[in-house]
Every structure is written in structure tokens, then in C-alpha cells.
Amino acid sequence: MTQKIYSTDSYARAMDATIVRTDTDDGRVLLDRTVFYPGGGGQPFDHGELAIGDDRLAVVRVTQDSDGVWHWLEGGLPPVGTAVAGEIDWDRRYKLMRIHTALHALCGVVWNRFKSPVTGGNMQPGEGRLDFDIPDWTADQLPIVEAELNAELERRRSVEVSFLPRNAADEDPSLIRTKVNLLPEFIEEVRVIDIVGLDRQADGGTHVAETGEVGRITIPKAENKGRGFRRIRVRLDDSD
């Protein structure tokens, strides 16, 4: 298994690693350790590069399976045993960390107000959306939710990371804020993200250390997707 540095240190930008397996047919390598997030839970995989001496190989895709974290490389594959230095696109990652934490905070705000589960979500650097089952939503709720979300972010709530055995996590339904449990079957240890006092749920993605780092959020619109489902879009407000 790959040591997933991003799981315990979202701020790690670079690492030294060794190639432990290659898949020449698919153009990918398995590393013994990595800072590259492989995607999941709506957060896309990291971009970046692996360096071998003066050579630079772009990392164009990252995924994980039961073997570990795979990195697709642009160009030829180095052999097993090669030492590499990896570095992610930090500006892109940090925007994803900020928006991901904002989405969790939004989840907490909506849960407190409507007790509504998440039915879907996605994000890109600087913006994202969550879908909720909110049958009694009205248009005047949007500015109220936006104000409550920014108030929670300004409280600079700590964002804590912990891990639970899979069986313990399965016995705690409050950890799953989605309408359907999306935890992959091969995961034996569940990572938990706790925005202390606001939102606690199972999540494998990267986050900032406290909500004040997110900055101000705008909610440009909430779309009616039918049958009570609402799609709420959020965006980092970096205009200052």
C-alpha cells in the first residue's frame, strides 16, 4: 500500500518516493508514498510532476485501488526501483482545500436548518456545488444560508482529522451525510473530518486547518432539480 501523505498532512506539497510497480500498458506507476490526492468524494485528483534528476514527467491522472495510489505519467515510464521527487500544483490544491472545507461547512449549515442529506456534489478549484433534498426550500433562503455559512467560516473553527476502523465507522450512521453510503468496500480504515462544532463526516479529501482560511464565500444560485432537490453552488470570493 502507498503511504498517503495527503491523508495526514494536507499542506505537504512535495515528497521523495520510489516506484514499486509499473503498468506499461496503461502508462502508470505505483509509488511507495505520495502527496498526490487521487480524487474522490467530488474532489478531483491533483496535478503536478515527478522529477528524476533533471527530467520532469507530468502527472496527468491519479487514482487509488486496493494496491495503492497510481500515477499516470506523460512520456515513458521509469523502471521499478527508480527514485523520484514529486511535487503537486500547490495553487490549485489550496483552492480545492478551501472550497472543500467550505462545502463541508455548507453541509453543516444546511443540516442544522433543514436536516437534509447530501444527494450529490462536485468541485473545481475555487468553486463547487452540493445537491440536497430540501422539499420546503424557498428563494429567500439563499441569502440566509449564505450569511450563516460565512458566519460559521469567520468563527475560525478547527478542522480536525481522525481515523476509525471500518467496523466502528459503519456503526456510526452520523458520519455519512450523503443519502447513499459511498465508502469504497476496500477501505479498512475510515478518515473522519470534523469541523468542530459544525460538521463531522467520513471524508478522504484535503482540507484547510481552520475555517478562517477559506475566506468569504458567495452563493450565486440555488437550482431547482425537481422533486424537492436543490443544487446549491458556492464560490470563493477572492475579489479583495
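Here is a short tour of the model, stop by stop.

Before you click, know that this is a predicted model, where local features need pLDDT of at least 70, side-chain atom pairs count only at pLDDT 80 or more, and totals for chains, interfaces and linings use all residues. Residues are numbered from 1 along each chain as its sequence is written, and side-chain values use heavy atoms, with hydrogens and water left out.

**Stop 1: serine 7.** Select residues 5–8, helix α1, and you'll find serine 7 there. (Helices are DSSP runs of H or I with at least four residues, strands are E runs of at least two, and both are numbered from the N terminus.) Serine 7 has 11% relative accessibility, so it counts as buried (buried is under 20% relative accessible area, exposed over 50%, partly exposed in between, with a 1.4 Å probe and protein chains only). Leaving out residues up to four places away in sequence, serine 7 touches Val161, Phe163 and Arg191; contact means heavy atoms within 4.5 Å.

**Stop 2: the core.** Now pick Leu50, Leu106 and Ile217, the residues with the most contacts inside the largest nonpolar core, which has 52 residues. Helix α2 (residues 90–114) gives this core its largest share, twelve residues. Such a core is a set of buried Ala, Val, Leu, Ile, Met, Phe, Trp, Tyr and Cys residues joined through side-chain atoms within 4.5 Å. In soluble globular proteins, nonpolar side chains tend to be buried together. Zoom in on isoleucine 217: its contacts beyond four places in sequence include Ile99, Ala102 and Leu149.

**Stop 3: two helices.** Show α2 with α3 (residues 141–154): they pack at about 120°, with axes 9 Å apart. (Axes are lines fitted to C-alpha atoms, for helices over the stretch in contact, and angles run from 0 to 180 degrees between N-to-C directions.) That angle makes α2 oblique to α3; under 35 degrees is roughly parallel, over 145 roughly antiparallel, 65 to 115 roughly perpendicular, and the rest oblique. Among the residues making the contact are Ala105 and Val109 of α2, and Ile144 and Val145 of α3.

**Stop 4: histidine 104.** Stay on helix α2 and select histidine 104. Is it buried or exposed? At 5% relative accessibility, histidine 104 is buried. Beyond four places in sequence, its contacts include Asp199, Asp203 and His207.

**Stop 5: two loops.** Lysine 115, in the loop between α2 and β9 (118–124), has a positive phi of about 55° without being a glycine. Arginine 156, in the loop between α3 and β11 (159–165), also isn't glycine and has a positive phi, near 50°. Most residues other than glycine have a negative phi.
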